[in-house]
Each structure stands twice: as C-alpha cells, then as structure tokens.
Amino acid sequence: MRLTHGARINTDTNAYAEVAQSRLFYSYNRVQQAPQDFLEGVYTGDMRAVVRPQDLGTSRFFEGLLSSLLAGKHQARMLKVLAAYEKSIDPTDPVALASLGYWSLKTERYASARQYLQKSMGMRPSVDTLQLLVSSHVNVGDYAGALRALAQSPRLQNDALRCFGAHATLEVRGKEAAAALFRPLIADYQKYEASCGPYFQKILGQYYLAQGDARQAIPWLEAYYRSYSQDAEAVADLTAAYLRARDWGNASEFAAYVPASLKAQDQRRKALARK
C-alpha cells in the first residue's frame with residue numbers, strides 16, 4: 001500500500017483558536033441581539049421563509065441550524081451558534097445537556113462535551129449519552145477516562161461501547177487483558193465492523209499488531225488508512241506492521257512521516273482536551 005498522494009498528516013494545532021473569538025448573543029439569559037439578526041450573521045438566505053417565528057431561539061432551532069452548518073462544514077459559524085445554544089438551555093434538563101454534549105463533540109470541544117454529558121448521565125443515564133461520553137475520552141486519547149465512564153454504568157451496553165471498551169482496555173491494561181474483550185468482536189467481526197465502522201478496522205489492526213501478528217494486522221490497518229489517511233496513528237501503526245512483516249518498501253515510505261505527525265497529533269489532542 002502506498003502513502004496517499006498529496007496526503008497531509010494532521011498537524012494543525014491552532015485550528016480551533018476561533019473558539020476564544022466566539023461572541024455570545026446571550027448574557028445572563030437575556031437576549032442582546034435579535035435572533036433573526038444573529039441568524040443572518042451565521043447563515044445566508046432569508047430563514048423567515050422556512051423557520052417559524054415561535055421556533056427562533058429554541059433547542060429545535062439551534063439543532064437544526066447546527067445540522068445545516070455541519071453539512072456545509074462551516075466550523076467557525078457552528079462555534080458561534082453553539083455558544084448561543086449553551087446560554088439558552090435549561091441546565092437541569094438532561095436531554096438538553098446531552099444535546100449540547102453531542103454538538104460539543106461535533107465541534108471538537110471535548111472538555112465541554114464531557115462536562116455536559118457527565119451532568120446528563122448523572123440525571124438520566126442512557127446508552128446513547130454514555131456512548132457520547134466515552135467517545136469524548138477516546139478522541140483525545142484519555143483511555144483511562146473511557147474505562148472509568150464505562151465502569152460507572154456497567155449495565156449500559158451496545159456494539160459501539162464494546163468496541164470502545166476493548167480498545168481502551170488494550171491501551172491501558174495491555175493485550176492479555178484485552179484478549180477476552182476482542183474475542184467476541186473477532187468472532188462476529190462483520191457485525192462490529194458494520195456497527196463501529198472504520199474505527200473497528202483500526203482497533204482490530206492494533207490488537208493484532210499488539211499480539212505480534214502483522215500479517216493479520218495489515219489488511220485491517222490498510223482498510224482504515226484508506227478512510228482516514230490523515231490519522232497519524234494509522235501511519236505509525238502501518239509502519240510498525242510493515243516493519244514486522246519485513247515489507248521494507250512500504251515501511252520506508254511511511255516511516256518518514258511518523259515522528260513529526262505523531263508529535264503534531266499529540267499536541268493537537270492536548271489542545272482539544274482543554275476546550
């Protein structure tokens with residue numbers, strides 16, 4: 001497998017500096033800017049034709065607007081809308097807190113996501129909220145935090161949580177402890193690949209690599225890399241697998257990108273973990 005032509009390993013440590021530049025139009029639960037004026041600042045077109053006046057400023061309004069901006073990949077505008085949404089909710093509503101946690105994840109504000117999701121779980125635990133909470137830990141490499149969240153709600157389970165649990169156990173406790181969790185995933189790999197997507201390909205490749213089975217690891221890691229060529233860990237894992245398999249050509253092509261890309265990804269994770 002060849003390194004994706006023109007691929008850029010993720011080295012952006014400042015991409016989300018605009019978070020600090022976000023300006024709220026709510027202050028102390030009092031509107032400072034008319035919702036329609038705010039809307040026109042983050043969205044093009046006359047939304048009065050498609051949004052009912054009574055919906056302006058409601059959770060439904062914010063979630064719909066965020067969904068549309070997400071589809072258009074308008075990151076900076078999403079942050080502005082999310083800042084306003086945060087000021088509009090009832091802090092005792094677990095559904096609203098879970099929604100804020102979800103949208104915080106979508107904008108890579110992982111520390112904020114954890115706060116909202118932990119509060120929501122404390123009020124009304126649910127498997128969907130737990131999945132979001134565990135994801136907020138895994139996305140910044142906090143595997144111990146993921147295991148703690150899972151341990152606090154052991155009866156809540158789904159396929160995604162099993163994938164997260166196996167991965168976090170591998171990272172924190174090693175291959176022997178993870179073996180029992182990976183066995184059922186491997187036995188029904190088609191189900192878990194469908195449920196967990198490319199993430200399953202990555203963690204299964206990492207598990208085989210940890211077990212010293214590079215030949216088994218490579219096809220899974222290559223499949224994941226085809227979807228996420230900018231993931232520095234994917235480059236590092238493939239390099240290690242190719243080296244173990246004595247595939248010197250592929251190993252040398254990938255190896256040149258590993259040190260700088262891993263360092264940059266680590267810096268980015270640490271920065272995002274605080275937002």
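A salt bridge is a side-chain nitrogen of Lys or Arg within 4 Å of a carboxyl oxygen of Asp or Glu. The legends below describe close-up views of a predicted model.

**View 1. Arg 162 and Asp 159 form a salt bridge.** The closest N and O atoms of Arg 162 and Asp 159 are 3.2 Å apart, which is within the 4 Å cut-off. Both residues belong to helix α8, which covers residues 159-173. Because Arg 162 and Asp 159 are three residues apart in helix α8, about one helical turn separates them. Arg 162 has a relative accessibility of 34% and counts as partly exposed. Asp 159, at 16% relative accessibility, counts as buried, because buried means under 20%. Side chains of opposite charge can pair when their charged atoms come close.

**View 2. Lys 191 also forms a salt bridge with Asp 159.** Here the closest N and O atoms are 3.6 Å apart. This pair links distant parts of the chain: Lys 191 is in helix α10 (residues 189-196), Asp 159 is in helix α8, and the two are 32 residues apart. Lys 191 is partly exposed, its relative accessible area being 36%.

**View 3. Glu 233 and Lys 202 meet in a salt bridge.** The N to O distance between these side chains is 2.8 Å. Glu 233 lies in helix α13 (residues 232-244) and Lys 202 in helix α11 (residues 198-210), so the pair links distant parts of the chain, 31 residues apart. Both Glu 233 and Lys 202 are buried. Elsewhere, salt bridges that share partners join Asp 159, Arg 162 and Lys 191 into one network. The structure holds five salt bridges, among them the pair of Glu 233 and Lys 202.

**View 4. Cys 163 and Cys 196 form a disulfide.** The structure holds one disulfide. A disulfide is a covalent bond between the sulfur atoms of two cysteines. The sulfur atoms of Cys 163 and Cys 196 are 2.4 Å apart. The torsion about their S-S bond is about 95 degrees, so the disulfide is right-handed. Because Cys 163 lies in helix α8 and Cys 196 in helix α10, the pair ties together parts that are 33 residues apart in sequence. Cys 163 counts as buried, with 0% relative accessibility. Cys 196 counts as buried too, at 14% relative accessibility.

Key. Residues numbered from 1 in each chain as written. Predicted model: local features only at pLDDT ≥ 70, side-chain atom pairs only at ≥ 80, totals over all residues. Heavy atoms only, no water. Helix = DSSP H or I, 4+ residues; strand = E, 2+ residues; numbered from the N terminus. Buried < 20%, exposed > 50% of the residue type's maximum accessible area, 1.4 Å probe, protein only. Disulfide = S-S within 2.5 Å.
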